[in-house]
Amino acid sequence: MDTVKIGKFIAGLRREKNLTQEELGERLGVTNKTVSRWENGNYMPNIEMLQLLSEQFGVSINELLCGERLDESSYRQKADENIAAVIGEQEQSRFTLKERCDFWRRKWKRDHLAEIIIWCVLGIAIFVAAMYFQKYIFAAADCIFAVLLYFKKRNQMMAYIEWHAFDGSGK
């Protein structure tokens, strides 16, 4: 889809109705900056906004997606092209679940690297000190604590990944 062409079409429709970007934005519940971004081709209106724009200007969503008024003969062909384009864009931008999980796992590890290093250094220091002073009970307790801490942190990481990778709204 040609977002610049769509933006010019929206701008032209707005001017036909003698509306400013601010007035159109107020009618649609968006800012004038959002309208400007649509008209410049920087952003594409979402489906709800396309429906509102369609009603506002008396054109079809298909015409908005084409960036031009359509006659009866080309309407069906352009509709098929628009559907194929939208599906193609979704396929190109879709990440697999594994890719999303890997991304959020790496991000969690990066964000918590300092904490992980501190816990490791502290655990090793306690273990070495316990062994040096022959306090084997403290060494054993340190190992048990390390295992429990590992599972706690791993569980936090998995919850974080699940929240972001599956829901997608935890940004």
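This is a dialogue on reading features of a predicted model.

Biologist: How is a helix defined, and what span should helix 7 have?

Modeller: Helices are DSSP runs of H or I with at least four residues, strands are runs of E with at least two, and both are numbered from the N terminus. The expected span of a helix is 1.5 Å times one less than its number of residues. Helix 7 has 15 residues (97–111) and should therefore span 21 Å; its end C-alpha atoms are 21 Å apart, which agrees.

Biologist: Which residues of helix 7 are buried, and which are exposed on the other side?

Modeller: Buried means under 20% relative accessible area, exposed means over 50%, and partly exposed lies in between, with a 1.4 Å probe and protein chains only. In helix 7, Cys 101, Trp 104 and Trp 108 are buried. They cover an arc of only 70° around the axis, so they sit on the same side of helix 7; the arc is that of the directions from the helix axis to the C-beta atoms. Lys 98 and Arg 110, on the other side of helix 7, are exposed.

Biologist: What is a salt bridge, and how many does a search of the whole structure find?

Modeller: Side chains of opposite charge can pair when their charged atoms come close. A salt bridge here is a side-chain nitrogen of Lys or Arg within 4 Å of a carboxyl oxygen of Asp or Glu. The search of the whole structure finds seven.

Biologist: Where in the chain are Glu 16 and Arg 69?

Modeller: These two form a salt bridge, with the closest N and O atoms 2.9 Å apart. The pair links distant parts of the chain, 53 residues apart: Glu 16 is in helix 1 (residues 3–16), and Arg 69 is in the loop between helix 5 (61–66) and helix 6 (72–93). Glu 16 is exposed, at a relative accessible area of 53%, whereas Arg 69 is partly exposed at 44%.

Biologist: How many residues apart in helix 7 are Asp 111 and Lys 107?

Modeller: They are four residues apart in helix 7, which means about one helical turn separates them. Asp 111 is partly exposed, with 47% relative accessible area, and Lys 107 is partly exposed, with 25%. Also, Lys 98, Asp 102 and Arg 105 are linked in a network of salt bridges.

Biologist: Is Lys 153 buried or exposed?

Modeller: Lys 153 counts as buried, at 17% relative accessibility. The side chain of Lys 153 meets that of Glu 115 in a salt bridge of 2.4 Å, N to O. This pair links distant parts of the chain: Lys 153 is in helix 9 (residues 136–167) and Glu 115 in helix 8 (residues 113–132), 38 residues apart. Glu 115 is partly exposed, at 28%.

Biologist: What is Arg 14 in contact with?

Modeller: Contact means heavy atoms within 4.5 Å. Leaving aside neighbours within four places in sequence, the contacts of Arg 14 include Leu 19, Leu 24, Glu 39 and Phe 57. Arg 14 is in helix 1 and counts as buried, at 8% relative accessibility. The side chain of Arg 14 reaches the backbone oxygen of Leu 19 at 2.8 Å.

Biologist: What is a nonpolar core, and which residues touch the most other members of the largest one?

Modeller: In soluble globular proteins, nonpolar side chains tend to be buried together. A nonpolar core is a set of buried Ala, Val, Leu, Ile, Met, Phe, Trp, Tyr and Cys residues joined through side-chain atoms within 4.5 Å. The largest has 16 residues, of which Ile 10, Leu 24, Trp 38, Leu 53, Phe 57 and Leu 64 touch the most other members. Helix 1, helix 2, helix 3 (32–40), helix 4 (47–57) and helix 5 each supply at least two residues of this core. Apart from this core lies another, of six residues, among them Trp 108 and Met 157.

Notes
Residues are numbered from 1 along each chain as its sequence is written. This is a predicted model: local features need pLDDT of at least 70, side-chain atom pairs count only at pLDDT 80 or more; totals for chains, interfaces and linings use all residues. Side-chain values use heavy atoms; hydrogens and water are left out. A polar contact is a pair of N or O atoms within 3.5 Å; within protein, one must be able to donate a hydrogen and the other to accept it, and residues adjacent in sequence count only if both atoms are side-chain atoms.
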